[in-house]
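Please open the model in the viewer and keep a selection tool at hand.

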Amino acid sequence: MKKMLVMMLLLVIVLASCSLQNQKVSKNTKIAKNISTQADYEIPKDFDDLVANSKDIVKVKFIKNKDIGDNGSTTSEVEILKAYKGDLKKADKIDISEPWHLTNNKYTAVENYIAMEEGQTYTLFLSDAVDKVRPLVSMGYGKFSETLKEKQGFIQEYNLLGEIQKYDFLGGIDGELKTYQQIKKQVFEKYK
């Protein structure tokens with residue numbers, strides 16, 4: 001009887017861990033309203049500051065979320081389309097850390113971070129890899145899209161992930177949006 005109970009418990013654990021690894025987000029994923037995850041990160045003063053603090057600057061195509069973690073970040077796979085700074089090469093596939101995760105199947109962003117979308121291209125500013133995963137050099141200012149827009153506001157003002165996927169940045173604090181827009185303009189003037 002004990003042996004059967006132990007086997008059933010192991011099966012439940014295995015099935016639960018598989019289902020966690022297979023979590024996915026869609027336009028209909030609800031946004032967590034009562035959870036505010038904060039982080040301490042460096043906000044660049046300007047474009048030159050962002051470039052100086054970046055180990056790698058690359059244009060990428062988002063492929064997929066590999067691991068939607070419960071520790072405040074998600075590991076995502078991207079393919080390098082162009083390398084502007086660092087030792088990465090075109091066609092390399094790398095893992096990056098995005099500051100969001102799911103809490104009770106709801107999208108939970110660290111600060112106002114908006115997850116990358118499948119098939120979209122982004123210019124990323126990356127730090128040194130930690131366990132083969134490269135974090136953005138500055139959470140809100142490390143990812144730029146030429147096709148997506150930016151807006152003043154907070155993620156918790158929205159109900160579904162699909163409502164914010166038209167943006168690459170939400171500026172919650174006064175001045176954030178203006179700084180982001182100034183840097184973004186220079187990013188796409190220099191990195192085409």
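Where does Gln165 lie? Gln165 is in the loop between α3 (161-164) and β10; helices (H or I, at least four residues) and strands (E, at least two) are DSSP runs numbered from the N terminus.

**Before selecting further**

This is a predicted model, in which local features need pLDDT of at least 70 and side-chain atom pairs count only at pLDDT 80 or more, while totals for chains, interfaces and linings use all residues. Residues are numbered from 1 along each chain as its sequence is written, and side-chain values use heavy atoms, with hydrogens and water left out.

**First stop: Gln165**

Select Gln165 and display its side chain. Gln165 is buried, with a relative accessible area of 11%; buried means under 20% relative accessible area, exposed over 50%, and partly exposed in between (1.4 Å probe, protein chains only). Its side chain makes a polar contact with the side chain of Lys27 at 3.2 Å. A polar contact is a pair of N or O atoms within 3.5 Å; within protein, one must be able to donate a hydrogen and the other to accept it, and residues adjacent in sequence count only if both atoms are side-chain atoms. Not counting residues up to four places away in sequence, Gln165 touches Lys27, Glu117 and Leu148, where contact means heavy atoms within 4.5 Å.

**Second stop: the whole chain**

Zoom out and colour the chain by confidence. The mean pLDDT (the predictor's confidence in each residue, from 0 to 100) is 85, and 83% of the residues reach 70 or more. Confidence is lowest in helix α1 (residues 2-21), at a mean of 34, and highest in strand β6 (residues 121-126), at 98. Over residues 1-22, pLDDT stays under 50, and the model has 0 contacts beyond four places in sequence for them. Where pLDDT is low, the predicted coordinates should not be read in detail.

With secondary structure displayed, the chain shows 4 helices and 10 strands. Along the sequence they follow the pattern α-α-β-β-β-β-β-β-β-β-β-α-β-α. Of the 192 residues, 43% count as buried.

Select residues 176-190, which form helix α4. This helix has 15 residues and reaches 21 Å from its first C-alpha to its last, close to the 21 Å expected at 1.5 Å a residue; the expected span is 1.5 Å times one less than the number of residues.

Which residues of α4 are buried? They are Glu176, Leu177, Tyr180, Ile183, Lys184, Val187 and Phe188. Seen down the axis of α4, these residues fall within an arc of 130 degrees, so they line one face of the helix; the arc is that of the directions from the helix axis to the C-beta atoms. An α-helix has 3.6 residues a turn, so residues three or four places apart point the same way. The face turned away from the buried side of α4 carries the exposed residues Lys178, Lys185 and Lys190. Among the elements that cover the buried residues of α4 are α2 (47-52), β8 (143-144) and β9 (149-152).

Display the aromatic side chains next. The whole structure holds 10 aromatic pairs. Rings of Phe, Tyr and Trp (its six-membered ring) pair if their centres lie within 6.5 Å; planes under 30 degrees apart count as stacked, over 60 as edge-to-face and the rest as tilted.

Tyr84 and Tyr191 form a tilted pair, 4.7 Å centre to centre with 45 degrees between the planes. Tyr84 lies in strand β2 (residues 74-85) and Tyr191 in the segment after α4, so the pair ties together parts that are 107 residues apart in sequence. Tyr84 counts as partly exposed at 25% relative accessibility, whereas Tyr191 counts as buried at 6%.

The rings of Phe144 and Tyr180 have centres 4.9 Å apart and planes at 15 degrees, so this pair is stacked. Phe144 belongs to strand β8 and Tyr180 to helix α4, 36 residues apart. Both Phe144 and Tyr180 are buried.

**Last stop: Asp56**

Finally, select Asp56 in strand β1 (residues 56-68). Is Asp56 buried or exposed? Asp56 is buried, with a relative accessible area of 0%. Its side chain reaches the backbone nitrogen of Asp87 at 3.2 Å. The residues that Asp56 touches, not counting those up to four places away in sequence, include Lys85, Leu124 and Arg134.
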